[in-house]
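Here's a quick briefing to read with the structure open beside you.

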Amino acid sequence: MRSPWLNKLSLIFGPRPPVSWLLLCFVSVLALIAVFGSSSSNTFDSVTSTPVPEIYTNYRRLKEQAAVDYFELRTLSLGASRQRELDLCAKERENYVPCYNVTANLLVGFKDGEEFDRHCEASRQGKRCLVRPPKDYKIPLRWPAGRDVIWSGNVKITKDQFLSSGSMTKRLMLLEENQIAFHSEDGLIFDGVKDYSRQIAEMMGLGSDSDFFQAGVRSVLDIGCGFGSFGAHLVSLQLMALCIAAYEATGSQVQLALERGLPAMIGNFVSRQLPHPSLSFDMVHCAQCGIVWDKKEGMFLIEVDRLLKPGGYFILTSPTSKPQGSATGMKKRNMLTPLEQFTEKICWSLIAQQDETFIWQKTADAHCYTSRKQNDVPLCKEGRDAPYYQALMPCVIGASSKRWIPIQNRSSSSHLSSAELEVQGVSPEDFFDDLQVWQSALKNYWSLLTPLIFSDHPKRPGDEDPLPPFNMVRNVMDMNAHYGGLNAAFLEEKKSVWVMNVVPVSARNTLPLILDRGFPGVLHDWCEPFPTYPRTYDMLHANGLLSHLSSERCSLMDLFVEMDRILRPEGWVVLSDKLGAIEWARAHATQIRWDARVIDLQNGSDQRLLVCQKPFVKK
């Protein structure tokens, strides 16, 4: 007796189904097995080194749509594991910065200024939500217009705060109806930023500030940068100036500098080292930065010494040294005596002093450290340089590092010499190949940064997508920077961007090489939030990061929520990784409301690109 199911088939196809129908069923079963069985694991392969992105050309919309359809099928196969979109955070978290909760830090016992420092372990992880933009938020003006004019609704600063500010760079701002304009030629000491910069150059024995390169100065750490006018001037001289300042709930120096398109991040001189390796910068600058340098037995100066390269400069401009009354020489001498005495103990020389500005130079002579007195600051033990928010050290690093090269003897471009690469443990061939790969990859990335791939705009056969303008993005973060190849490619292509090169703490530490190339960079643990304000980057890029983090304790969902926090509305994300990693990344991107497309490289590898754009949510 035949089953009812077979009776129904007989009514449709007759007593014997046609061979073509049976063949169609067989092919469909094979297709389903191929689709759903292509990845039998929900984990992705772990890697220990940064993969090289595949080079691809001439992607077409049909290929892209095939990849999209594939991943939508995979998402359906996950069934119940698919989660709904995350909610928006409450209005009071519009400017939320994790790890800087003073109240929580006090409750767990931090004091003596440490409550203002970064403490991620003291910040409780609440319900995941997406930080919303303020009601009056507007997309920033493109560079270079955005350097001089920003929307006041994009930053948290009150009019009273603005008017009562005593900082010399804050006085450069003009608050208008809904904009803040920066006038770099008015109000700063010595008749303007340019005159101030030129005065520093002359005190260093140079003809003008355009000769900073001649003195070996390419990278500058600007501590307490105000709102970045000095840094903006240095950028115009083709120098890399990174601003650091303490976390501020309102009127933040870092937030306004980043809004202007200038390199900046939150960083404190309180109790911990900055997340940079030793011998990182050619110059450290402090103009009314609020730090008492001879406090804590000079450990703040020791930290500057750790960060400075041999022959590097420390510039201090402080109103406390301004001559007053008739006894100017004695008052000035009394103020400087503790600093002068201590700087001699760490092999610094006071090379110039004029008005409120003092310039010290770190020794380039390695023998200085062995010829010092016994009661001078001791040398650190070798191998103690692990600068990811470690406690400040009461010792100087000395000259034992292989990277001990005076700044005057270094390469003057981002293309390091063979000898410099050998010090970093990198072969010239590997270094050159990396640059070639990223030059090709950037051209392909740039062609993807167009709204057309996120629209149904018809395209005639053979038409290419129009390229975005050269200044479409300004603030870029490479979340797994390796050698800084993406940064170098941006420079070669003359794009008007700067790149924050992030080296994960669990990866090979290539940050010294990146900094020696004159690029901004920082060490960071991606299991923690990044030290910046919301909505501060136009583009986030990561090559191989997701696969690398799969073996860590991190939650990838927390990582994507953090990426959403620091990404500007209408900002871009480009992820390059293995098939399994991209599969899960696209599912997370959907949860945080990003428009996402998977690009199949069509080269037979399991590498994929995920290109996302964050929408401008107005609620």
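E259 and R568 form a salt bridge, with their closest N and O atoms 3.9 Å apart. E259 sits in helix α9 (residues 253-259) and R568 in strand β15 (residues 567-578), so this pair ties together parts that are 309 residues apart in sequence. Keep in mind that this is a predicted model.

**Salt bridges**
- E259 is buried, at a relative accessible area of 5%, and R568 counts as buried at 5% too.
- The structure has 19 salt bridges.
- K309 pairs up with D516, the closest N and O atoms being 3.4 Å apart.
- K309 belongs to strand β8 and D516 to helix α15 (residues 511-516), so that contact links parts 207 residues apart in sequence.
- K309 counts as buried at 1% relative accessibility, and D516 does at 5%.
- D516 also meets R403 in a salt bridge (3.4 Å, N to O), with R403 in the loop between β10 and α12 (418-424).
- D282, K309, R403, R410 and D516 are linked in a salt-bridge network.

**The sheet**
- Seven strands make an open, mixed sheet, running β6-β5-β4-β7-β8-β10-β9.
- Its edges are β6 (264-266) and β9 (348-354), each pairing on one side only.
- On average, neighbouring strands are turned by 20 degrees against each other, direction ignored.
- β7 (residues 281-287) and β8 (residues 308-317) run parallel, paired over six bridges; H285 has I315 in β8 as its bridge partner.

**Packing on the sheet**
- Helix α10 (residues 299-307) packs on the sheet and touches β4, β7, β8, β9 and β10. Its direction makes about 135 degrees with that of β8.

Key
Residues numbered from 1 in each chain as written. Predicted model: local features only at pLDDT ≥ 70, side-chain atom pairs only at ≥ 80, totals over all residues. Heavy atoms only, no water. Pairing = 2+ DSSP bridges. Helix = DSSP H or I, 4+ residues; strand = E, 2+ residues; numbered from the N terminus. Axes fitted to C-alpha atoms, helices over the stretch in contact; angles between N-to-C directions. Contact = heavy atoms within 4.5 Å. Salt bridge = Lys/Arg side-chain N within 4 Å of Asp/Glu carboxyl O. Buried < 20%, exposed > 50% of the residue type's maximum accessible area, 1.4 Å probe, protein only.
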